Amino acid sequence: MFWLILVTSFSIATVLSFAIIFMGMISILGYNNFWNYLISAIVSGTIICFFLESRKLYQYLGLGNLWQKLAYSIAGLLLTIFNIFMALSGITYFFDIKNDKFDFYQILTHWREYSFDKIIIIFFIIILAVISPIVVSKCITIKPLFPTYKFVFLMSLFSSVLVYHNIPTYLVYQNIPTYSSMENIQNMESTNYQFPLNSCGDFTAGGANVWYPIWVEYSYINLQNIRRKFCCDAWHDPEVNKIQVASFYQVSKAKSFVIFLQKNGFHNAEIGHGRWLYTYPSLKINYCE
Amino acid sequence: MNIKTILIFALFFPMVWDVITTALGIVGVLGTNIIAWGIAVVVAITIASVNLCTKGILKLARSGTNDFTLFLPVILVLCILFDFTTSLNGNARYLILSNVAAGKNMGIMEVLQKAETGEQFFYIILVTIITTASPAIVGWLTDIDWLD
């Protein structure tokens, strides 16, 4: 319920974000040309898509190597500044100036005449417009309410980033039979795991593989305990009403982890059906505290 | 019917009034055209939703399991402050000026100074406090597994 309310309200605010950036672009390009409207729509859509996908992009690019991280950070910073500038221009022009020629000095002149509460209200609208796609992005990463590609399908028309980043995950996907035999089972406790981990599953360099989910019966207490003690990214899958604790492509490690969980009080831990999944490189940094 | 149900029922209407006054406050500042109304309604709904989720946000902050720990409480505080400002603006414009569109260029202090009596001024402040707090209280009293 919590995530649904947050995602729904901030998704509506994301439309506001799009509208305000669009208004800003139009105020700069001019109101009297169809192409200006088209360009403004494409640019606004792409910016919104960047922020909607910011969480995944950060995981995919941000922690890869220094240059990718730097490029991502600079792009994010520049787009945020651009976003704020556009929103500020859009609101001021649309509501107070309304002439065809963009002049930043005119914006400043108007802002000097505004009352304090008006400045506060306009600034908050701009902040809301800037953060709303980021909040949506964070929420749907933490709590995948629905496949991302369905949610932002319309937006993806504007953005090559989305098409590249989302669609393959869901296209390269099929069920395969459950694992049949266990071999070379490692002892999870004998290895030097420093729980809690950000992610307990196998690390991957990316690509297609068969992944086995580790399930535990869902309850709020179980989810909190698993997140607190073992795996921070454990999540509740409403379709099967179970907690997905981790995913492994090495069956022996999956079995070992199930035994480990059972020894630690989660007696109903089990390995789920393997699935072909296309994945991106795993994060190796543990930001779980 | 227990006290919780009665309180939720009683505070439901101030909650709706909060959304309305937030929208009126924004429209009073931006103007009364269709775009201003669109922005006002969207912002008012978002603010009310965040306030409604107060319990869940604080619970999440205490659990400390992800990077929303700091981010969402900051948004919550901003939303409460903004909600109070816009609701005060909306209530004052509606109750003192009797017309939301009037006094577009007037600040909130100018509008409040036009209050006919001291009682009217305190009444507006009190109504604003109750309406601003109502979404958070309704959310707090509702028995929902907030982090599910």
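At roughly what angle do the axes of α2(B) and helix α6 (residues 118-141) of chain B cross? They cross at roughly 40 degrees and come within 7 Å of each other. Welcome to this structure, which is a predicted model. The predictor gives the complex an ipTM of 0.82 and a pTM of 0.64.

**Confidence in chain B**
- The average pLDDT of chain B is 81, and 86% of the residues score at least 70.
- Among the elements of chain B, α2(B) has the highest mean pLDDT, 88, while helix α5 (residues 108-113) of chain B has the lowest, 76.

**Transmembrane regions of chain A**
- An unreviewed UniProt entry places the feature "transmembrane region" at residues 7-28, 34-52, 72-95, 115-136 and 148-167 of chain A.
- In the model, residues 34-52 of chain A are 100% helix and 0% strand, with their end C-alpha atoms 27 Å apart.
- Residues 72-95 of chain A are likewise 100% helix and 0% strand, and the end C-alpha atoms of this span lie 34 Å apart.

**Where chain A touches chain B**
- Contact between the chains involves 32 residues of chain A and 35 residues of chain B.
- On the chain A side, the elements that give two or more residues are α1 (2-29), α4 (66-97), α6 (116-142) and α10 (220-229).
- α6(A) supplies the largest share of that side, with 12 residues.
- By class, the chain A side has 22 nonpolar, four polar and six charged residues.

**α1(A) against α2(B)**
- One helix pair spans the two chains: α1(A) packs with helix α2 (residues 34-52) of chain B at an angle of about 155 degrees, and their axes are 9 Å apart.
- Because of that angle, α1(A) is roughly antiparallel to α2(B).
- Their crossing is left-handed.
- From α1(A), the residues making the contact include Ile5(A), Leu6(A), Ser9(A) and Phe10(A); from α2(B), they include Ile39(B), Val42(B), Val43(B) and Ile45(B).
- This contact has 13 nonpolar and three polar residues, and no charged ones.

**α2(B) against α6(B)**
- The helices from the opening question, α2(B) and α6(B), are therefore oblique to each other.
- The crossing of α2(B) and α6(B) is right-handed.
- Ala48(B), Asn51(B) and Leu52(B) of α2(B) meet Pro135(B), Ala136(B), Val138(B) and Gly139(B) of α6(B).
- Five nonpolar and two polar residues make up this contact, with no charged residues.

**α1(B) against α6(B)**
- Helix α1 (residues 3-30) of chain B packs with α6(B) at an angle of about 135 degrees, with the axes 7 Å apart.
- α1(B) and α6(B) are therefore oblique to each other, and their crossing is left-handed.
- Among the α1(B) residues in this contact are Lys4(B), Phe12(B), Trp17(B) and Asp18(B); the α6(B) residues include Ile130(B), Thr131(B), Pro135(B) and Val138(B).
- The contact of α1(B) with α6(B) divides into 12 nonpolar, four polar and two charged residues.
- Pro135(B) and Val138(B) of α6(B) also meet α2(B).

Key: Residues are numbered from 1 along each chain as its sequence is written. Chains are lettered from A and ligands numbered from 1 in the order in which they are written. This is a predicted model: local features need pLDDT of at least 70, side-chain atom pairs count only at pLDDT 80 or more; totals for chains, interfaces and linings use all residues. UniProt positions are given in the numbering used here, feature names are shortened, and annotations may be inferred rather than shown by experiment. Helices (H or I, at least four residues) and strands (E, at least two) are DSSP runs, numbered from the N terminus. Two residues are in contact if their C-beta atoms, placed from the backbone, lie within 7 Å. Ala, Val, Leu, Ile, Met, Phe, Trp, Tyr, Cys and Pro count as nonpolar, Asp, Glu, Lys and Arg as charged, and the others, Gly among them, as polar. Axes are lines fitted to C-alpha atoms, for helices over the stretch in contact, and angles run from 0 to 180 degrees between N-to-C directions. Angles under 35 degrees count as roughly parallel, over 145 as roughly antiparallel, 65 to 115 as roughly perpendicular and the rest as oblique. A crossing is left-handed if the near helix is turned anticlockwise from the far one by less than a right angle, and right-handed if clockwise. pLDDT is the predictor's confidence in each residue, from 0 to 100.
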